[in-house]
Amino acid sequence: MTATDMASAPTPARRGRGILGWTWKETQGFLFILPWLFGFIVFIAGPFFFSFFLSFTQWRLVGDIKWLGFENYAQLLSGEDTRFVQSVYNTAYYVVFHVPGVLIISFIIAGLLNRKVKGIAIYRTAFYLPSITTGVATAVLWYWVLQPNGLLNNFLDIFLKPLDIQAPNWLGSTTWAMPGLIIMSFWSVGTTMIIYLAGLQGIPQHLYEAAEIDGAGWWGKVRHVTIPMMTPQIFLTMVLAVIGSFQVFTAALIITEGGPADATLFLLLYLYWNGFRFFKMGYASAIAWILFFVILFLTIVQFLTARRWVYYEGERAG
Amino acid sequence: MHLASRAITYLALWLGSCLFAVPFLWMLLTSFRQIDSDPAAPTQFWPDAWTWQSYIDASETAPLANWLANTLVLVVLGLFGQTFVSIVVAFGFARTQFPGRNQLFMLVLATLMLPYHVTVVPWFIMFRSVGVLDSLWRIALPDLWGNAFYIFILRQFFLTVPVELDEAAEIDGANLLQVLFRVVIPLSKPAIATVAVFNLIHKWDQFFWPFAFIQTPEKLTLAVGLRWFRTQYASEYPMLMAASIVSVAPIVIVFFFAQQHFARGAGLSGIKA
């Protein structure tokens, strides 16, 4: 829409100054940004402040909005709401295992794909295909993969049967449901893997040659060349993976509906239920804001520690 | 590479890609299986008899054509509203000067960090008050104003296009729009294609908003429709797998034709912030 507005606007030759005292050129520049600014104000900033307001109230969608002050937050942070505590624990559990797992698995696969092997396109497709499968189709599929007599247990039985160990009933057990969902999440590591692959291909060959001259073996090269050179990509994917793990929704909703016995009740699922099942709009907003501050805090911590371990080549000259 | 290390590489690649491919292959093969061959054996891999029946059943029980049409509407609106509008906005940030421009760009970057669920409740109330709940418009409307991540990627790319080309065009009498469409866009095709492919995949996968705001089965998208279908026919897994295959097939086909853009896109998304 901006495109047509611009086309019908007066010619650049006009030298008049608008209300803000901007030149025509500056006004034009601003018009290019305007669609985003409009969307930001109406769909992001406005709702953001409104949700902050709601988080201090009680409102069931009908009737009056009742001001509660900090009551919602007090109830959540005091541990009074045990389901909330459980969902915080579950989400933290997921983050602790999902994030390092995804980074390590993607790193290993990218390392293998980066060696000069034949048929690379086939391998790359096999590893990436799960990541373009939609979240819902993945969940529908893995519900069956994780059945007691499903694909995963058939595979595990190869190793467990000789030891006389029973493979777990993933989705039916409060102990195993969360590990099951975490294993499922490793199936979709394709995007991280491709970011790493692009990073690996950007490492200058002469660094490896120099390391070899210094007598570095395979591990020495990984430890002293590959990992330091990949820290920007590792940092980026870590930040994204942490943010992503706080927003798990589709898998838990479809496969377990938060069960059994709230063992896979994620924060976002609990937020959704409070808002759209129990119609506690104020309470749901308070959960959203706590979630926001947790993500913000973790992201800031990661950015602060990044200075110690992330190596940006462009900054070398200092 | 030494022979031994070569052998280990191939073995690891082969085993690893099998582990990743097997669930997908199972989904594909199961969709062609006789529905009553042996419902108690979900791990059976190869069908006893091949049949299209699950696809026929799925298309008769679920409004798959409606879902596909709805998904396409959202994808097209999304490509316009996110890829195209982001191009225009990114051009503004990369190529024009006005007071407050840099501060606004910082604001764009800041929104990358905002978790979308904070806006769930206000959006619900807002759209309810103007009566567009249970409508595709509800899903499309907030996406028509550019996307912060795409604006960021495109702006970084536009900065690499030599500004002398703009100036030459302007001396020839081109206005800013002509500079955008005749100089910057033609020279930025790889970045734009990358963003468009990301955008396409993301819209195809979109679940939360249509799930939260649309109730009528005919108005659903493929992703949310599949979830609805599953709640109705939880145990008939060959039919569910057929519907799953239908819902991912278009995007898989696009992937095969756009493979190199994925690799390049990932490289771009790794741009140091």
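**Figure 1. Burial and fold of chain A.** Of the 318 residues in chain A, 37% are buried (20 or more other C-beta atoms within 10 Å of a residue's own, with C-beta atoms placed from the backbone). This is a predicted model, in which local features need pLDDT of at least 70 and side-chain atom pairs count only at pLDDT 80 or more, while totals for chains, interfaces and linings use all residues. Residues are numbered from 1 along each chain as its sequence is written, and chains are lettered from A and ligands numbered from 1 in the order in which they are written. Chain A holds 14 helices and two strands (DSSP runs, H or I of at least four residues for helices and E of at least two for strands, numbered from the N terminus). Its radius of gyration, 26 Å, is well over the 20 Å from the globule rule for 318 residues, so chain A is more spread out than a compact globule (taken over C-alpha atoms; the rule is 2.2 Å times the number of residues to the power 0.38).

**Figure 2. A look at Ser173(A).** Here is the loop between helix H7 (151-160) and helix H8 (177-185) of chain A, where Ser173(A) sits. Ser173(A) counts as partly exposed because it has 16 C-beta neighbours inside 10 Å (between the buried cut-off and the exposed one of 12 or fewer). Gly259(A) lies 86 residues away in sequence, yet its C-alpha is 9.0 Å from that of Ser173(A).

**Figure 3. Where chains A and B meet.** The contact (C-beta atoms, placed from the backbone, within 7 Å) takes 77 residues from chain A and 73 from chain B. Helix H1 (residues 3-30) of chain B gives the largest share of the chain B side, 13 residues.

Technical notes:
Two residues are in contact if their C-beta atoms, placed from the backbone, lie within 7 Å.
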